[in-house]
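Here are my notes for you, in numbered points. Please keep the structure open beside them as you read.

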Amino acid sequence: MSNLPTRSTKAKKAAGDFTDKVTGSQAWNSIFRPGSIFRRGYTDSPRNRSYVIMNSVLYHLHPVKVKRHAVRVSYTLCLGGLSFFLFILLTVTGIFLMFFYRPDAISAWDDIATLESSVTFGLLVRNMHRWAAHLMVLTVFLHMARVFYHGAYKPPREFNWVIGVVLLTLTLLLSFTGYLLPWDQLALWAVTVGTNMMGYTPVFGDQVRFVLLGGVEIGRETLIRWYVLHVLLLPFVIVIFMAIHFWRVRKDGGISGPM
Amino acid sequence: MADIPEHLLKRAQQARARLTGDEATGGGDSVAGADAGRESELVGAGAPVGGSSTGSSTAGAAASAAAGDKIPAHLLDRTTPVADRPQTEVAVPTATAPPAGSAGNTQRLLTVVKSGSIQDVKTLPSDKVHVWPHLLIVEFVAALAVTGFLLIFSIFVNAPLLELANFNETTNPSKAPWYFLGLQELLTMFHPMVAGVTIPGMGIFLLILAPYVDRNPHTAPDKRKFAIALMTIHLLFWATLVMIGSFFRGPGFNFVFPWEAGLFFDF
């Protein structure tokens, strides 16, 4: 009994030595850049706090420092950030769904049914994708309202507001194109109603409808078109606009000041 | 030499006038010089502390230097070491009057540089915090909360999956996704081109124009009541239409009360 503590301290020391060896190795230090909290000897200093942002591919969307009021949750309600986060969540869950889905009128509905009944976590991930999509429409919309009520669209942020309106439109289109993909009665008739409305565009309404449907009526061609729009074209476009949006937030001097 | 600000010249004149009245007490005239130093950058050449008075004020030197481009002789005198100077006048610094003034000058005025000419402060320091940890922690918690909410919600509520699409069987009612139900509601009132294209098109166009139309520079809510009222009416208009379209429209898109006829709505 008496030598037990000694043994445990020995083990602890060995573990500590090993940790030191790993975190001191060249490989380790080549992965974690200066300022990373995983580096040996990380201390909470202003210099390291700056490095955490500057040396991280993800975080350097942020500036090193922001105005104090910008971190107040009651000001932004996190709506813009959450919209972006929901987009990431939708991308991740969407990629999962793509493994089990064939965009063809013959197999689409069956694939969803199989996904729900036979794929591990299939139902859960589909649910998350659906609810996150609706939530994203809501958060983008609320984000717009928040920005308006704060008067944050005023100079020098006019153009970023315009980008924001484009992003709102793209979000609605992304959600709407995804609506058709399950190929059930809900999808078919909701999209019928929606595209009928678009057909009333003046001058070239019929052409718009034809391009969107891949024909005069909704059918197999519509499904593959909307699938490509939903998983490739619209995400590609929205990512470009998001990049401009985030970049402009910084260029225009961070988020707007307190009222 | 650059212009000397008017107020400095004026003060120098006052000091000189005081000096001529005060000559007997022997000093106390450097006030103007000291003040000038406070107002603007003083470029001075150090001289040994103490020493005798030359009977002229620093401010006076500045004034005369401004008038002519030649350094006055009495200032040049000062650059000679104390010991070598002719003892024309003896200054007696007393305990009550600190060694300041013509008797105790430790520097001489070479030029007056206005502060704005060499440094122009445009941005004032603001109250900033590090993004890590202050902002990243907030973002992380918010993301975690939303993920948690979605996960739990998705465990208990399933996404709808109706029967296989059937072109021969129109659902009754046929509803667009909820965010378009406001437009579908407008369809019951207007021609489809107005309801489906003109009104939403105008809505988006006006939103884009908002920052260019709204010339009011204020952001405080009580200084932009009109803009806020307009937006609130606009948002409530759509919210009401979406609510009616979602919950108060039954078979044939006829008006129903959800508590009587039930819900005809799928997400």
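1. Helix α5 (residues 79–98) of chain A packs on helix α6 (residues 131–156) of chain B, with the axes 10 Å apart and an angle of about 55° between them. The axes are lines fitted to C-alpha atoms, over the stretch in contact for helices, and angles run from 0 to 180 degrees between N-to-C directions. That angle makes α5(A) oblique to α6(B), since angles under 35 degrees count as roughly parallel, over 145 as roughly antiparallel, 65 to 115 as roughly perpendicular and the rest as oblique.

2. A word on provenance: this is a predicted model, where local features need pLDDT of at least 70, side-chain atom pairs count only at pLDDT 80 or more, and totals for chains, interfaces and linings use all residues. Residues are numbered from 1 along each chain as its sequence is written, while chains are lettered from A and ligands numbered from 1 in the order in which they are written.

3. On the α5(A) side the contact involves Gly81(A), Leu82(A), Phe85(A) and Leu89(A), and on the α6(B) side Glu139(B), Ala142(B), Ala143(B), Val146(B) and Thr147(B). Contact here requires C-beta atoms, placed from the backbone, within 7 Å. These residues split into six nonpolar, two polar and one charged (Ala, Val, Leu, Ile, Met, Phe, Trp, Tyr, Cys and Pro are nonpolar; Asp, Glu, Lys and Arg charged; the others, Gly among them, polar).

4. Do look at helix α7 (residues 122–149) of chain A too: its axis comes within 9 Å of that of α6(B), and the two cross at roughly 120°. That makes α7(A) oblique to α6(B), and the crossing is right-handed. Leu124(A), Asn127(A), Met128(A), Trp131(A) and Ala132(A) meet Leu150(B), Leu151(B), Phe153(B), Ser154(B) and Ile155(B).

5. Chain A as a whole has 11 helices and one strand (DSSP runs numbered from the N terminus: H or I of at least four residues, E of at least two). What is the radius of gyration of chain A? Chain A has 25 Å, whereas a compact globule of 259 residues would be near 18 Å (taken over C-alpha atoms; the rule is 2.2 Å times the number of residues to the power 0.38). The C-alpha atoms fill a box of roughly 85 × 55 × 30 Å along the principal axes.

Note on methods:
Contact = placed C-beta atoms within 7 Å. Left-handed = near helix turned anticlockwise from the far one by under 90°.
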